Amino acid sequence: MNKSDTRLKRIMTAPFSVWMAIFVIVPIGLVLYYAFTSSEGGFTLENIASIWEYRGTYLISIELALVATVICLLMAYPLAYSISKMKARRQQTMVLLVMLPMWMNFLIRTYAWMTILEDTGLINTFIKFLLSLVGYEFEGFTMINTNGAIVLGMVYNFLPYMVLPIYTVLTKIDRSVIEAARDLGAGGMDVFTRVILPQSVPGIISGITMVFVPAVSTFVISKLLGGGMTYLIGDIIENYFLGNTGEVNYNVGAALSLVLMVLILISMGIMNHFDEDAETNGGGLF
Amino acid sequence: MANNIIDLKNISVSFDGEQILKNMNLRIEDKEFLTLLGPSGCGKTTTLRIIAGFLQPDSGDVIFDGKLINGVPAHKRQVNTIFQRYALFTHLNVFENIAFGLRIRKTPEKEIKTAVSEMLELVNLKGFETRDINSLSGGQQQRVAIARALVVKPRVLLLDEPLGALDLKLRKDMQNELKNIQQRLGITFIYVTHDQEEALSMSDKIVVMNNGEIQQIGTPIDIYNEPVNAFVADFIGESNIVDGIMREDFVVDFSGNTFKCLDKGFGKNEAVDVVVRPEDVDVVPYDEGMLKGTVTSVTFKGVHFEIIVDIGGFKWMIQSTDEQFVGDNIGLYIEPDAIHIMKKSEYSGLYGDFSSYSEEFDELSNADAEEEENE
């Protein structure tokens, strides 16, 4: 590589570098600063220590995000697989349909689920109406404000992020490799478990990362669909920064964020470890 | 006929209304090295895919070892394929790639180990067991593909232009190696290529195809020396193809002269195509020539000179070890056994004149002729 090449690259990446510096590096620095200082500004480990109190919240956040991720994976893989088997034009339409919800605002979509799941919402009203026809009085299911509703919200909102990377990897698998497997005696099941599944691991890994990370840190979904019954770690952090339910405390909020960030980094590290073998196959997102 | 391992009967295939194979009949003998040779789009790969089971013919029967196998899926056939771009499993290492077919068959681990190391030895890749597929060169990947297919002991190995992606030197080496492997294992190889040299040097039998039809089946020597029509004569090697008239048995007129030849059985004064290979023409002094012409181009090819001679407006190609010069008037002498007579065919007049010859153009004009045929 010669000098002018490097210079050109520097100029091309400058806007992004500046952006990253201002909106990523500096905020992380601020989080670190607040996490390790008291409200008077002196160094302290008290914020970090106080987080032990929220271990239950961390656990439930991770648990719900994991459940949502697993459901997404179980739904997305068969979907992505069958889309990848369709004719080219049909594939485009299906991918468009998968992405269609993402064109609408995230908040509006989640509000819509509220009106569907409420005690007097669409589902309950409909069931009540049906049962009243046969003369039965029904009180309705409790769906909103449960952990189930939160997981539903996560799955609904993040499903496309699981479908797309898996679909992309599946379409990239060389047809002749599948033919080679059949040629060597592999029936449909063997072809899938021995060739297609292992070759789509990079897509699964990026899908899991792209669903788990936003799910574990969400606060909107739990607030709207959990109705304050279940606090996720995102809600607690929001409360500390905005003071919705008590005093504003940037320091504890920052400490909570920091720990969450570390947890996410650790889980991504584990993921990438799985990905290493498959990395050379290309793949990944889009 | 007794030892046919594969019998294709009246096979027809079309895609999107275009007919790829037209009522094809082919018998393949056990343990032979058979090559399907033809330009791209001639139907040779389609034929291979029908035998492999990746493609069902629209009509016709595929018979393997006396049994009809039309509906039998690829994974239940006793044939294996070497794919054009290797199609290796990149998520597995060399050992696991070769072991793949054995694992499917639930072979015991110990036997797998022995079989894989035998195969690695066969293809000269000892010690490569744990190597990553992506770290191998094209030639090495091709060897892994060969080992992977042979380890399951197929009766027939199908090879779809397996050397196309390799450079010339490596290709020559692999040609010898493949031929050796075929002879050592004593199994049938069906080899698809568009490279006539490859076909001539490796095959026991060549099937020349064009536009979904078999043009000629024969040994390399037959195909070269006795092409049945202008297409085969032109596709295999270089040929001067001129219009001639068969006066009687062993006597033919062309280019304004009468020649002795070794062919018979044509009608009296029947119009025919006459083929003369460039290397069979001798250059003699102008006055002694059976044909007389002017040199219009000379190219040095290493072993010989390629000389284009204008004879009455028709340009001949001659290969000679003696240098000639543009503008020279020379005579040509042709032995009777160098003259090959063919019946007129749909390809008459399309090939064999070197008027606007260049190697690149040769390729192009082959393609053009194909398109015309398709229309």
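This short talk describes the nonpolar cores and the strand pairing of a predicted model.

Let me begin with strand β7 of chain B, which covers residues 156-160. Five of its five residues are buried. The burial concerns both faces of β7(B): Val156(B), Leu158(B) and Asp160(B) lie on one side, with Leu157(B) and Leu159(B) on the other. As a general point, side chains in a regular strand alternate between the two faces of the sheet.

Which strands pair with β7(B)? One partner is β6(B), residues 79-82, joined to β7(B) in the parallel sense over four bridges. Within this pairing, Val79(B) is opposite Val156(B). Another partner is β8(B), residues 188-193, which runs parallel to β7(B) and is joined to it by five bridges. Here Leu157(B) has Phe189(B) as its bridge partner. Together with helix α5 of chain B, residues 168-185, the strands β7(B) and β8(B) form a right-handed β-α-β unit.

Setting aside residues up to four places away in sequence, Leu158(B) touches Leu48(B), Ile51(B), Ala52(B), Val79(B), Asn80(B), Thr81(B), Ile82(B) and Ile190(B).

Leu158(B) also features in the largest nonpolar core, which has 106 residues. Leu158(B) is among the members that touch the most others, a group that also includes Ile51(B), Met119(B), Ala147(B), Val151(B), Leu157(B) and Ile190(B). Helix α4 of chain B, residues 138-150, supplies the largest share of this core, with six residues. Why does the core lie between domain 1 and domain 2 of chain B? Both domain 1 (4-223) and domain 2 (243-374) contribute residues to the core, so it is placed between them. There is also a second, separate core of 50 residues, and among its members are Ala35(A), Ala76(A), Ile204(A) and Ile233(A).

The partner of β15(B) is β19(B), residues 329-334, and the two are linked by four bridges in the antiparallel sense. In that pairing, Val281(B) has Ile334(B) as its bridge partner.

Key: Residues are numbered from 1 along each chain as its sequence is written. Chains are lettered from A and ligands numbered from 1 in the order in which they are written. This is a predicted model: local features need pLDDT of at least 70, side-chain atom pairs count only at pLDDT 80 or more; totals for chains, interfaces and linings use all residues. A nonpolar core is a set of buried Ala, Val, Leu, Ile, Met, Phe, Trp, Tyr and Cys residues joined through C-beta atoms within 7 Å. A residue is buried if 20 or more other C-beta atoms lie within 10 Å of its own, exposed if 12 or fewer, and partly exposed in between; C-beta atoms are placed from the backbone. Domain bounds come from an automatic or database domain assignment. Two residues are in contact if their C-beta atoms, placed from the backbone, lie within 7 Å. Two strands pair if DSSP finds at least two bridges between them. A crossover is right-handed if, with the strands pointing away from the viewer, the path from the first strand over the helix to the second runs clockwise.
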